[in-house]
Amino acid sequence: MKKVIRFTVNGNPYELGISPNITLAELLRNEIGLKGTKVGCDMGACGSCTVLLDNKAVKSCSILALQVEGRTVVTIEGLNKGDRLHPIQQSFVENHGFQCGFCTPGMVLSAHALLHENLNPEEHQVREAIEGHICRCGTYPNIVKSILHAAKLMRRE
Amino acid sequence: MKNEHSVFGKRFPQIDSFEKVTGRLNYGSDISIPGMLHAKVLRSVYAHAEVVKIDLRKAEALPGIAAVITYEDCPAKDWFCPAFNWQGPVMGKIVRYVGDEVAAVAAIDEKTAEEALDLIEVEYKPMQAVFDMLEAMKPDAVLVRPDGNRRHPSIFQSGDPERGFKESDFIIELETHLGQQQHAPLDRNACIANWTKERVTLWTGTQSMFWCQRSVADYFDLPLNKVRIVSTPLGGSFGFWWQNNYHFIAILLARKAGKPVRLELTREEVFSTVKRRELPISFIKVGAKNSGELKSLSVKHLLDNGAYGNKFDPYQTVVDMYRVENMYCEFLGVSTNLLTAGCMRGVGDFSLGYAVEIAFDMVSEKLGEDPVEFRLRNRFRTGDVLPASQEYMFQKFFFNRDIPVKLTSSGLGECLTKGAETIGWKDKWKGWGKPVAIDGAKRRGIGVAMATHISGLAFFGFNGAVVKVNSDGSVHLITGVARIGQGVDTTQAQVVAEVLGVELEDIIVISGDSDISPPTMATVGSTSMHMVSRATKTAAENAKRQILEIAAKKFEVVPEELEIKNRKVFNKRKPESFMMLKDLLSQPLQEHLCPPTIIGSSSEGFPYDKGGKMMMAHFAEIEVDTETGKVTVLKYVAVHDSGMLANPAVCENQVFGGVFMGLGLGLSENLHFDNETGMIINPNFVDYKVLKALDLPDPVVLFEEVYDDSGVFGAKGIGEGTTCCCCATLANALYNAIGVRIDPPLHPEKVLKALKKL
């Protein structure tokens, strides 16, 4: 039995009839076609499915799609404006904050959530903000560097 | 030498950075084909059983089911992985490990496919299973595979090892084990197979597009050009996604259903039904004289192949680290009723390398010699003959030839020296049996280990490349390298840009389609930079020559007098006489009345008598809490010689990755098999613990760029080898801290047991 929900993704309003048991990740990837949100483990252990729900970083594989009724979602696709990258994205590029790129959407969004609260984080706060993320390529040193530098870029703006 | 280059050697961001950082890059699980079905696999709950009966009637009757397959739909033959990581039927009447495929379903959606699995009725006749390698080796052991559990042993000998032992003043002997590691890539990948009258197409992430093509073509008796592999970018692989059994299941379903079939594994399936690092057991014996001369090394190394692995050799080059007068190596692959095992980042250089490094650490202790000094004194040097490397084995096997293979370059000494200096070895090393510091229950230790790994092996194959220079000076590089996160498309493009004298942004890299890409070796074994680059460079030079021949006519000089830099073709003696590349290439030629087409191509192998190896020396300072058993890494220094670096940023990241992965096995990663059932009990990221941002201090990564004559612009490989000495470095540091040697993973309870506190 489908249920109709209304919500916003990347600034666009949606009204969709969905199965009640699908996750937010499935809604984003399969119903809306936004593949940037990755599902690495489907049990909230790897962080690759992280999106912003009302500006807070959440694991979209562990949230039912129904829970976004009336709320705002931002996925990785919502950050850049055409060719113009968000400062966090720009910083990840300049500071080599990824290798295979699979964990990157989640990392960037967790960084976004952190910097939304605190534009001047200490290094250990950055590490704690990404503690729920696995980067099997082991790029952590440059991920932390990218986030710290992004904070600097954003403070300037 | 480095500063001559304008593109090669520079820290460019990866060329697909925009796609990665905006979530636009499509990995295997992100693509779809119109009309595709969705597959699910039914798996054995027994480690060893006969499939007596399968009743598909209820499943086949479920609305929305397009096809169901069992072993009866599979050609009655084995398929082979060209790198010996698999031999076996796609599905057989006998299942050999918990998770082995029994049946598969293609349906209109995943939910329906899952429902159908529940409706398949299987009658099993459980059989005795064997999980332990040493048990499986015995003559009366349960047979995991019909042709026996023991693969043909690989044996190398150089000199007279027995005499060497007799002449030794002392002998060190030990047996080592390592924990069970798994690649655990973050990306679950996926595959889509399509079987039409024309041919088979398989879309999937793979490191080895052409091996995959060959395995599929051989299995289905198809000509190679009827098998198309489209290789998507991968979210990590580390030896995992090559040609895997689930590819064949998808293809068989597509053939039966007459429609494309998509198969994506769950995280649990990725952990428990694809592959793991082969579990090693090493027996090492080293004989030396009190004067410090290394007389004899004897290695017996067992590797667990699991249910379908086929390796007879761990893929090692560890005997190329120390100069030992006499040497004997024996490798044996053993099958067990556990998940298939095979290559994972570092292979034998990691697993056997660990054992060798511990043994030699013990030798240096017996000699009372500083372990850094010991390694400096005894290390392999440029030009040394590689006694047991695989090039040698191959030429003997195929051509019955005995031509010595020489090490192309070695920066091992430089790495050791620089690493020692960086970590402050002279101040911290207090001598054997003396920790760096003791502070109540906390003890600090320091350790060193070195490793080598291949970056050029002739028998891996030829490589081809095509470089198209378009009429506006923009360039296409057409290659077959896999995009697995190690930036190889970027660095190959850097080679082309350097040769052609254009900017990196002028190059687009086309890869990942076996219909289009020239045959390229599998992107494994750190061979892309050292070997694929040779073909890439030749193709670019080929294109350059065509350009200069055209320009020479316009400039009225000979081509040798011209050069291209910064997109300009100019006279070397008169640089003010130049033409922009795009102007040259867009102008009509007199003879043909139209502009030229510039296509450079190549097809190249690697010389059989050379072996390029990357070198590394790692140093760790750790703290052990003798009350809790916890091991904390305080400082980690990794110094690498990969020749001249194409892109230091890419290389640095690869070392970071290797250290996190190598120390992962060192500290916490362990895939647990249940002793009774052979089932994996922690197939998820909660219970299989990889290291994350809070677990290690940032490793200090340094490079010693020793020019390699066989390498393009002096470069060797880097990606796979970066894990190799991590476990040994950690274990040696632990020994310095607490005076006990423990094989990783260094779980707190193991440490406490060793300290006799548990």
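Modeller: B:Phe398 is exposed in this predicted model, with a relative accessible area of 51% (exposed is over 50%, buried under 20%, partly exposed in between, using a 1.4 Å probe and protein chains only). You'll find B:Phe398 in helix H11 (residues 390-399) of chain B; helices are DSSP runs of H or I with at least four residues, strands are E runs of at least two, and both are numbered from the N terminus. Together with B:Phe397 and B:Phe399, B:Phe398 makes a nonpolar surface patch with about 420 Å² of accessible area. Areas are Shrake-Rupley values with a 1.4 Å probe.

Now for some strands of chain B. S23(B) (residues 463-469) runs antiparallel to S24(B) (residues 475-478), joined by four bridges; pairing takes at least two in DSSP. B:Val469 is bridged to B:Val475. The two strands form a hairpin with five residues between them, and B:Gly473 in the turn has a positive phi of about 85°. On to S25(B) (residues 507-510): S24(B) pairs with S25(B) in the parallel sense over four bridges, with B:Leu477 partnered by B:Val509. From S24(B), the chain crosses through helix H14 (residues 488-500) to S25(B), a right-handed β-α-β crossover (clockwise from first strand over helix to second, strands pointing away from the viewer).

Housekeeping: residues count from 1 along each chain as written, and chains are lettered from A and ligands numbered from 1 in written order. Local features need pLDDT of at least 70 and side-chain atom pairs 80 or more, while totals for chains, interfaces and linings use all residues, and side-chain values use heavy atoms, without hydrogens or water.

Key
Patch = residues over 30% accessible without salt bridge, like charges linked within 9 Å, V, L, I, M, F, W, Y side chains within 5 Å. Salt bridge = Lys/Arg side-chain N within 4 Å of Asp/Glu carboxyl O.
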